[in-house]
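Visitor: Please take a close look at a single helix and at what surrounds it.

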Amino acid sequence: MTGAPLEAARAVALAHALPALREEGREAAGPALAALAELADPERPDTPTGADLAGLLADAAATIRILVAGSAARAARAAAQQARTAIDALPPGRLDPALAEHAVAAAGAQARLRHLAGALHGPAYRAETARRTAALTTPGGHRSALAELRDGAVLSAARTAALARAAVTALGLHQDELDAATAALAVQLDTPAGGTADGPGTARGAVEDRLRAAARLRVTRAADLADRVRSLVRPDGGGAAAPRPRADAALAAWLRAHTHPALDTEQFETALAAWHGTDPFRLRDLPAPPPFLTGTDPAALPPEYLAPLLRRLDLTRPAPRPEELTPAALARDRGRTTDVPRSPELRRWGRPAGSGAPLLPARTRIPYLVHGIWLGGPLPEESVFRDNYGRAALRYAGELDFVLWTDLSRSLVAEARAGAADSGDRRLAAVRSTVDWARAHGIHLVDLHEVFHAGAPMRLHRPFVLEMAKQLPRGYGAASDHLRVDVVGRFGGAYVDGDMLFTGALTPTETLPDLLDRTARSRPGFTMNPGLGVGNDVIVAPARHPALALWAECARLNYGRSQPELFGGLHAMARPFVNRSRQDQRYLAPHRSGRIHHEVLARLGLDAAQLPTTKHALTDGHEVSWARPIPGGPGAPAPITDGEAPGVLARCLTFLRWQLIARQGDLYLSAVDPVIRRLPDPDAGWLALLTTLAEHLDGLPPVASVTDLRRRDGDGLLERVDLPPEAESLLDRTARPHRWIGAPRSRHGEPVRLLDEWVAPAALRAPVADGPPPDPVAAHAALSEAAVDPLGRVLGLWIRPERAAGTWREDRRFTGIAPGHLRLSLGGAPSLDGIRELGVRAETVARLVCAVGAAGRPLELAVPRGGADRLRGFAGRLAVLLGQPVSFAEQAFEAPQLGQAATALVPPVRYLPVGRPLPGEPLPG
């Protein structure tokens, strides 16, 4: 290529290269400059040899002659003018004006250096050197020459000559590199670049219009959703009444002796209820007894009537008539039970005489009932639970009654059964599948709220509701921990987790009826799942066993303790959990509900060896569905409908309000983030959630911190809560409250890591109508850099986490970009989780694209190979806002190897902060 592009490209290449070449020249000229510095000191005895002194004087003389004559300046002006002419001949806008000025200056500087260095060669220079050498041989010649060289002007001219000679030598050594860069730049200059002007009617103006429209729509939707949430508030929502005092005075006295001396008193129950918070949405309210149960009290029925009762309550059958549930009707198909007489000594079930422990009945009768629990929706088709319970129910048909306790309502089951199979409603189809499975295997599907109603609530009703408000597998698992205690405590039988295998792990094996009989004959009269430890995945007991009553009270008391208390202090919460053997211990479920049985056994002085083993009839399972939900199970990314959204947010608010108490004013956003992401409009959900939360803080600790960044299980990658700007504006992250959960571990108010989550001081602002628009870019602009080519054109945006500042700056991520496109790279080592870690929103990226003047250009999203599918939603939102297609650039990202950090004279990519003007920034050096 010849002509203007080539000349202009040569000047641009020099503009980038000269600072490095000058530095290289200074280093090469170092010895000469050091010698000249020594000569400037007349006290130093060292003097150069005759030949060196003559050369220095000849250099100085030639340099002075050229400078005085002005030929170096004329050469510089001519070269600069030639470069300017070539640049002016380029199409308008092809080269940034600031870079053009640098290129013109660089062309002149190169010409001046070459002219100076050229004067240090040739016949005239050699003649001057010879003359100076001869003069040194005359008497006093050496002293006279040294005095001349120490003259300031002469010494300065000698320095200039040394630097010019070294710089031109460096130019020669790098000429091939400069020629290659010149050729590449010439091609770029000959190719039009994408870019748009600002203002209305331009690409940037169109993007900004779309962003404003999206913000207005978001605020409108959030306001409507907040109003729908407010409509669920009940003015008298102080919460359900405290549990009723126990009628059995002896049992109550024994429980107080083993728990708290004020248990069941009004003052104590009021204080404990304060830890649960008020209930503005009346989530604790229970329905009245169903009409068919108004005359039947299950707790008063003999054990053999319980199986027929639950058979009639089966949701796979029509609702029973009241007359079907009378004792006379139930007596006609009574269920099997154990029937073991107990001696006076066995009635004490191992408790010492005089301990005050309630006695067991004279006969231990455990109904042949096996209870399972599944909460949070229908039982998934592909689950270990279905396989295990289905096989066991068929095996023991006619011997044992299997019951699945569920939160599916009778009306929902009826709707699912009546709906067409091809209706397209996946939830109704899943409900119908659960009902069909239960009917096919003879399993009784029982709605827990038909049995534990307002007239006969669970003892652990309040903790159950709080756990269900999480709307996540861990919450359902903890709620199941409570429900199993109340179910076995009220009905008796065997509770068995769904992942347990109904076959013996030890030989000789025994049947489940054998296990029930053996437990009834045992000294304690109940068992769990003893082994190396004791698990709560199995509970076998007669109804109203005192150990289960103690279990319920210990569980209730556990909901009057803060989270640091449960974990043993902040120092324990600050340990790393993810990717370690204690990974699951970072969650509250094991501490609030899953380990209560250990406390119960400790208070009773029992250990595993004293409990009847279950290993002859059952084998431990390890699905841990509350921690690792199976596909399609509770917590899987099933969408939430618009009609369900207000109720979902009401439960999220209930949970957040409780956490303000349990976590000392911490706004635990990370805990509800998985639920909010399933809403039809998560942005509107977040804004409505924080807006309505600010209206319901009476009686609660003020917001003093926020948790919105957590390390993910399994791979340990970071996940940040994705708040829309309007919701973010409600958080005052500059607040420095004196007391917040992480304060003891934070010296200067910086965030602290607790349970592999980052907690930072903050406050919650009240919403302000018509306030200044939030700036969603500011936080990310500080972490953003624009990748620019040597011509100052923006090639892409790199948004990185703070931990990756200055790292992973390899050029490969911004090479091979389609002409006129812009590339976006997220994260440190680019990964699919850059968005989750950074909290980057499509709107933020759109604003940053405008900030670097690249609106109107198609976008390429850099992702690892095979990673495009997971980011298609993000890419789709971005395409709508930019009004441009968004494609994927799949790359194999690898850490740069040692020795790959060499910097080219003309780097293919430079990184400039987004916070200041990009193309016009002065070049380094």
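Guide: Helix H18 covers residues 426-441, and at 1.5 Å a residue its 16 residues should span 22 Å, which agrees with the 23 Å between its end C-alpha atoms. The expected span is 1.5 Å times one less than the number of residues; helices (H or I, at least four residues) and strands (E, at least two) are DSSP runs numbered from the N terminus. This is a predicted model, in which local features need pLDDT of at least 70 and side-chain atom pairs count only at pLDDT 80 or more, while totals for chains, interfaces and linings use all residues. Residues are numbered from 1 along each chain as its sequence is written, and side-chain values use heavy atoms, with hydrogens and water left out.

Buried (under 20% relative accessible area, 1.4 Å probe, protein chains only) are Leu428, Val431, Ser433, Thr434, Val435, Trp437 and Ala438 of H18. An α-helix has 3.6 residues a turn, so residues three or four places apart point the same way. The cover over the buried residues of H18 includes helices H16 (384-395) and H17 (410-418) and strands E4 (401-406) and E5 (444-447), counted by contact (heavy atoms within 4.5 Å). Just after H18, glycine 442 has a positive phi of about 70 degrees.

E4 and E5 run parallel and are joined by four bridges; strands pair if DSSP finds at least two bridges between them. Within this pair, tryptophan 405 stands opposite valine 446 of E5. Both strands belong to an open, mixed sheet of six strands, in the order E5-E4-E3-E6-E8-E7. E5 and E7 (527-530) are the edge strands, each pairing on one side only.

Terms used:
Buried < 20%, exposed > 50% of the residue type's maximum accessible area, 1.4 Å probe, protein only.
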